[in-house]
Amino acid sequence: MPRENQPFKKTVSLGSLELLSYEPVHFPCTGGIISPLLKDIAKIGCARYNAHLNVLSLTPGAFYRLRSREAEYDALSAQEQAELSVYDLILSDRSLLPSVEEALDFFFVETVRFEEAYQAFFTYDGTRDPEGNLLPTGAIHRDFYGGICDAILLRNYLKPRPAVPQKAAGKRALSILKKLERGRAEQKGDTPDTRMELGNIISAVAGRHPGLDIRTIWDITVYQLWDAFFRLCSNQFLDLQARSVAVWGDKHKRFDAAAWYQTLKI
């Protein structure tokens, strides 16, 4: 078993420096989560990369839809839906385990393997005991799985999975959660915007960024790419506003000269 001298945490909080950095974000008793370089995503292909993100962003509602069991899910009360654990659902459907294991392994510095005896994913950094057996250095289990998935999504410039309100939140909050879950399901049926596909964003940023081109852009992380893209969009809009103010003035005092360093939110 991995070391248990530090407590697991169910939620994570990452600052802008951690998200932008090349360095892995390390969690006690678990391992280091990376933001993959664009060249590493290119090696496995965009389809496989997106599949990794999709499986780690699964919610209970999405799980039931994936298995064509919407009616069974809808028959549950809002409280029962809120109490569902996506980790337990994944363990109940062993066909998903290899996909989850592969996805976790891609986003971790360490090697990730599911250990049947412990019903948990163990992380290995190559450390061996005196007899030559690999020693696990961390574990991802039921209590921490959601936090790990959220951290991975954040490091890929994606919003974390929706928070599930506690019982004390009341029936109204649970009802709202149920409606939001249905809304997300309907949105996924919309035609995707091809302009926002990863390959097109790489091309757009490489063609416009002052310090990146199509040869050098592959060495930045995917988070850095999306941050650069949205920063370019923000600055372009600010430049248009500045030119308008220079010509027509700012009668209503709406121009914010400090907007160029505003905080960008996912």
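1. A quick convention before the residues: a residue counts as exposed when its relative accessible area is over 50%, as buried when it is under 20%, and as partly exposed in between. Please also keep in mind that this is a predicted model.

2. Is Ser 68 buried or exposed? Its relative accessible area is 60%, and the cut-off for exposed is over 50%, so Ser 68 is exposed. You will find Ser 68 in the loop that runs between α4 (60-66) and α5 (70-74).

3. With a relative accessibility of 29%, Gln 119 counts as partly exposed.

4. Now to the strands on either side of that loop. β3 and β4 pair in the antiparallel sense, over 5 bridges. Within this pairing, Phe 114 has Phe 121 of β4 as its bridge partner.

5. Which strands make up the sheet, and in what order? It is an open sheet of 3 strands, ordered β3-β4-β5, with antiparallel pairing. β3 and β5 (134-140) are the edge strands, each pairing on one side only. On average, neighbouring strands are turned by 40° against each other, direction ignored.

6. Finally, helix α8 (residues 97-107) packs on this sheet and touches β3, β4 and β5. The direction of α8 makes about 155° with that of β3.

Definitions and conventions:
Residues are numbered from 1 along each chain as its sequence is written. This is a predicted model: local features need pLDDT of at least 70, side-chain atom pairs count only at pLDDT 80 or more; totals for chains, interfaces and linings use all residues. Side-chain values use heavy atoms; hydrogens and water are left out. Helices (H or I, at least four residues) and strands (E, at least two) are DSSP runs, numbered from the N terminus. Buried means under 20% relative accessible area, exposed over 50%, partly exposed in between (1.4 Å probe, protein chains only). Two strands pair if DSSP finds at least two bridges between them. Axes are lines fitted to C-alpha atoms, for helices over the stretch in contact, and angles run from 0 to 180 degrees between N-to-C directions. Contact means heavy atoms within 4.5 Å.
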